[in-house]
Amino acid sequence: MTTRKPARERKAEIIEAALGLADALGPDRLTTEAIAESVGLTQPGIFRHFPTKQAIWVAVAERISQLMAEGWQAALAGREDPAGRLEALVLAQFRIIQTTPAIPAILFSRELHAENDMLRQTFLGLMQKFQAALTAEFRRGQVSGRFRPDLEAGDAALMLIGLIQGVAIRWSLGGRSRPLAEEGARLLATHLRLFAAGALDMLNLETME
């Protein structure tokens with residue numbers, strides 16, 4: 001017999017099941033039948049909480065937005081140094097993806113790009129916020145003399161976003177055999193060394209030698 005739970009608790013359970021199944025099955029193969037089976041409900045039971053599959057995706061997008069906002073906020077808490085804040089934001093994103101591995105799958109899904117404009121707009125907005133935060137911290141680092149003045153801040157932010165996406169894809173293809181945050185931190189350190197003020201002079205010196 002199905003245990004009756006408060007509506008808020010059941011909705012949260014359905015959202016988490018959808019995220020888990022989007023990872024296990026792929027977003028494009030996610031069905032309300034699979035969600036119902038995962039949480040021990042009938043399909044009509046699912047639709048009592050979410051009238052359509054689109055409504056489930058709306059809730060999933062809101063949950064991911066919440067996770068990212070909380071992760072970014074926690075990463076920046078108590079930090080003032082722009083280089084430290086930039087590093088903290090990127091590492092926070094790696095940790096968010098590691099704990100919610102459906103995110104890369106959703107980013108490259110047909111559901112996102114061809115069938116669900118709301119989902120696409122939500123993720124686009126999230127990436128724009130993240131890019132803006134990275135850009136702002138890089139500019140602050142340039143003003144304080146920590147980062148190279150010759151590098152466009154927006155380009156640096158895009159390079160870091162590309163790093164995150166590339167490492168996340170490789171992590172998924174590699175069977176997630178190593179912690180994503182650990183691998184990401186190693187490669188991020190290389191990027192930060194290249195961003196550092198004086199890095200270009202050092203590279204030119206090494207080339208001359």
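Modeller: In this predicted model, the axes of helix H5 (residues 82-99) and helix H9 (residues 153-173) come within 11 Å and cross at roughly 25 degrees. Helices here are DSSP runs of H or I with at least four residues, numbered from the N terminus, while axes are lines fitted to C-alpha atoms over the stretch in contact, with angles from 0 to 180 degrees between N-to-C directions. H5 and H9 are therefore roughly parallel to each other, a label for angles under 35 degrees, with over 145 counting as roughly antiparallel, 65 to 115 as roughly perpendicular and the rest as oblique. The crossing of H5 and H9 is right-handed, in the sense that the near helix is turned clockwise from the far one by less than a right angle. On the H5 side the contact (heavy atoms within 4.5 Å) is made by Leu86, Val90, Gln93, Phe94, Ile97 and Gln98, and on the H9 side by Leu160, Leu163, Ile164, Val167, Ala168 and Trp171. By class, the contact of H5 with H9 has 10 nonpolar, two polar and no charged residues, where Ala, Val, Leu, Ile, Met, Phe, Trp, Tyr, Cys and Pro count as nonpolar, Asp, Glu, Lys and Arg as charged, and the others, Gly among them, as polar.

H5 also packs with helix H10 (residues 180-195), at an angle of about 155 degrees and with the axes 9 Å apart. That angle makes H5 roughly antiparallel to H10, and the crossing of H5 and H10 is right-handed. H5 contributes Leu86, Glu87, Val90, Leu91, Phe94, Arg95, Ile97 and Gln98 to this contact, and H10 contributes Leu180, Ala181, Gly184, Ala185, Leu188 and Leu192. Sorted by class, the contact of H5 with H10 has 10 nonpolar, two polar and two charged residues.

As for confidence, the protein chain averages a pLDDT (the predictor's confidence in each residue, from 0 to 100) of 90, and 93% of the residues score at least 70. Over residues 203-208, however, the pLDDT is below 50, and this stretch has one contact in the model beyond near neighbours in sequence. Where pLDDT is low, the predicted coordinates should not be read in detail.

Residues are numbered from 1 along each chain as its sequence is written, and side-chain values use heavy atoms, with hydrogens and water left out. Because the model is predicted, local features need pLDDT of at least 70 and side-chain atom pairs count only at pLDDT 80 or more, whereas totals for chains, interfaces and linings use all residues.

How values were computed:
Helices (H or I, at least four residues) and strands (E, at least two) are DSSP runs, numbered from the N terminus.
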